[in-house]
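Dear colleague,

Please find the structure below, handed over for your records. A summary of the findings follows it.

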Amino acid sequence: MNADLFRRRPAGRAENSLPLPFAERELPAGRHQFHKERLMAQIHEDLRAADAGPATVRRTRARNSFLRSAILVPAGAFALAGALAAGFLTYVDRGGADGTGSTTATRPAMTTRIGTADAQGTPQLLDRISLAAATTGGAPKVRADQFIYIGSKTATTYVKTVGDKSTLVSEELHMRHQWNSPDGLDGWLIEPGNTGPAGVTLAGKDEKGESPTPYLNAPTYNYLSGLPTDPDVLLNKIYEETRGMGTGPDQEAFTTIGDLLRASYPPAELTAALYKAAAKIPGVVTVDDAVDAAGRHGIAVARLEEKTGQREEWIFDRQTLAFLGERVVQVQGEAGEEGLIKPGTVVSTSAVVNRTVVDRMKEIPGSAG
């Protein structure tokens, strides 16, 4: 199963596992893994700050609905070439130990050009993306003794409050390495800020001593392999299983599909069906230009959440139509505590650097950065 740092684990488990006292039902609904992990990191930071002194430190997730965004990863944004050209943001390569270098924003928030959105031609674009995914994308067959590896660059922007002063800051762009067995019962996560250098285990049973049951927002490879590949049937399942979650059914369906595309490794037939299903969701548009966390420009399929003014964008290579990554941009109004998140702020960002099958836990493919 995908990384879930909020999963309860019995005391005395592996040395690097995290005993987390929060139940699944206590989290906001929706993308359960990505933001669960980020929220956990924030809790650890707040506890450290509390130990350091009496000042109250509070980090407020800029996109409340994105807190649910868990399967995987909020990402905060990074070397956005458009932003650099416009002078919005300067980055410094620190040569981090996690790969070819970590990139740090030297200003409080990451910003970007807001691309132009147009609904015209979006179904046709998704049809082409679906065809490309059916022929070149998707996970290969995975043996029971192998692991799905996903290496991604990610970062997020958030409101940080110390005492009575709130500021908008962006976390360091960093590599995230995750391994999961096909049945989801074994796995490992290494992510600066969320884990120590050795990482944490993703194995273990719940507080009842039972193996967690996979579902749409916390899938396993085996679970994904059993999902319907008829786009209409698949979309109906997504709507049904996410009923009442998030800010609305259409946005929740779009977000759920995005999570599956970014933070899991669906078989090719399912990947193609997910794109065809997305084309049937009202409000889906094409954005002329977007930049992923690795600095790659592409075309995006997106949807605006009217309640928050934030647009979730799936970014694709213009030539191959391969999925590159995802970001969330504030495009309307202001959000966050004291309205600190202005239009043009990149709320989260991620880029899939490498997604493959490996034979051993903690094996990092050579091109994973």
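How many aromatic pairs does the structure hold? The structure holds 4 aromatic pairs; rings of Phe, Tyr and Trp (its six-membered ring) pair if their centres lie within 6.5 Å, with planes under 30 degrees apart counted as stacked, over 60 as edge-to-face and the rest as tilted.

Before the details, two notes on the basis of these values. This is a predicted model, in which local features need pLDDT of at least 70 and side-chain atom pairs count only at pLDDT 80 or more, while totals for chains, interfaces and linings use all residues. Residues are numbered from 1 along each chain as its sequence is written, and side-chain values use heavy atoms, with hydrogens and water left out.

Aromatic residues

One of the pairs is formed by Phe 254 and Trp 314, which is stacked because the ring centres are 4.0 Å apart and the planes lie at 5°. Phe 254 belongs to helix H6 (residues 249-263) and Trp 314 to strand E12 (residues 310-316), so this pair ties together parts that are 60 residues apart in sequence. Helices (H or I, at least four residues) and strands (E, at least two) are DSSP runs, numbered from the N terminus. Phe 254 and Trp 314 are both buried; buried means under 20% relative accessible area, exposed over 50%, and partly exposed in between (1.4 Å probe, protein chains only).

A further pair, Phe 316 with Phe 323, is edge-to-face, at 5.7 Å centre to centre and 75° between the planes. Phe 316 counts as buried at 0% relative accessibility, and Phe 323 is buried with a relative accessible area of 14%. Ring pairs also link Tyr 275, Phe 316 and Phe 323 into a cluster. Contacts of Phe 316 (heavy atoms within 4.5 Å), not counting residues up to four places away in sequence, include Ile 129, Tyr 275, Val 301 and Leu 324.

Charged residues

The structure holds 18 salt bridges, a salt bridge being a side-chain nitrogen of Lys or Arg within 4 Å of a carboxyl oxygen of Asp or Glu. Asp 232 and Lys 280 meet in one of them, at 3.4 Å, N to O. Asp 232 lies in helix H5 and Lys 280 in the loop between H7 and strand E10 (284-291), so the pair ties together parts that are 48 residues apart in sequence. Asp 232 is partly exposed at 41% relative accessibility, and Lys 280 is partly exposed at 44%. The side chains of Arg 311 and Glu 313 also form a salt bridge (2.9 Å, N to O), and both of these residues are buried.

Yours sincerely
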